[in-house]
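I opened the structure to look up two things. These are my notes, in the order I took them.

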Amino acid sequence: VQLQASGGGLVQAGGSLRLSCAASGSIFSSNAMGWYRQAPGKQRELVAIITSAGSTNYGASVKGRFTISRDNAKNTVYLQMNSLKPEDTAVYYCNVRNGYGYSWAVDYWGQGTLVTVSS
C-alpha cells in the first residue's frame with residue numbers, strides 16, 4: 001500500500017486547510033483511513049479516523065473543528081481543518097489500517113505533510 005498526502009502549508013490562526021491522501025495498492029474491504037500528527041518533542045497522536053463503514057473517531061483536541069471524510073471509489077481520505085490554532089502545528093501523517101478491527105491489522109503510513117499555524 002502506498003499513500004500520497006497533500007495539502008499542508010502555512011496558515012494563520014483561525015484559518016482553514018484541507019488535507020488529502022490517496023491510497024493505492026491492496027486495500028482490504030475492512031479498513032480504516034485516517035490522520036495522525038506529531039509536533040516537535042511530542043508523541044504521535046490521533047487526529048481522526050474513518051472506517052470503511054463510515055464510522056469516525058476524533059482526537060479530543062480537534063473535535064468540532066476538523067472533519068474527516070473519504071471517497072471509497074478513489075481510496076482517498078480528506079481532512080478539513082477549520083478554526084486552526086497554533087497548537088495544531090505538526091507533521092500530519094496519513095494512515096491506512098488494513099484489517100481494521102482484527103488482531104492481525106496492518107498499518108501503512110504516508111510520508112507526512114507539514115501544517116504550520118501562525119499566531
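I looked up Ala 39 and found it buried, with a relative accessible area of 18%; buried means under 20% relative accessible area, exposed over 50%, partly exposed in between, with a 1.4 Å probe and protein chains only. I worked on a predicted model, where local features need pLDDT of at least 70, side-chain atom pairs count only at pLDDT 80 or more, and totals for chains, interfaces and linings use all residues. Residues are numbered from 1 along each chain as its sequence is written, and side-chain values use heavy atoms, with hydrogens and water left out.

I placed Ala 39 in the loop between β4 (31–38) and β5 (45–51). Strands are DSSP runs of E, at least two residues, numbered from the N terminus. I then set aside neighbours within four places in sequence and found Ala 39 in contact with Thr 89 and Ala 90; contact means heavy atoms within 4.5 Å. I also checked Val 91: 52 residues separate Ala 39 from Val 91 in sequence, and the C-alpha to C-alpha distance is 6.4 Å.

Next I turned to the cysteines. How many disulfides are there? I count one disulfide, taking a pair of cysteine sulfur atoms within 2.5 Å as the rule. Cys 21 is joined to Cys 94, S to S 2.0 Å. The pair links distant parts of the chain, 73 residues apart: Cys 21 sits in strand β3 (residues 17–24) and Cys 94 in strand β9 (residues 90–98).

Which hand does the disulfide have? The torsion about the S-S bond is about -90 degrees, so I noted the disulfide as left-handed. Cys 21 is buried at 0% relative accessible area. Cys 94 is buried, with 0% as well.

Definitions and conventions:
Helices (H or I, at least four residues) and strands (E, at least two) are DSSP runs, numbered from the N terminus.
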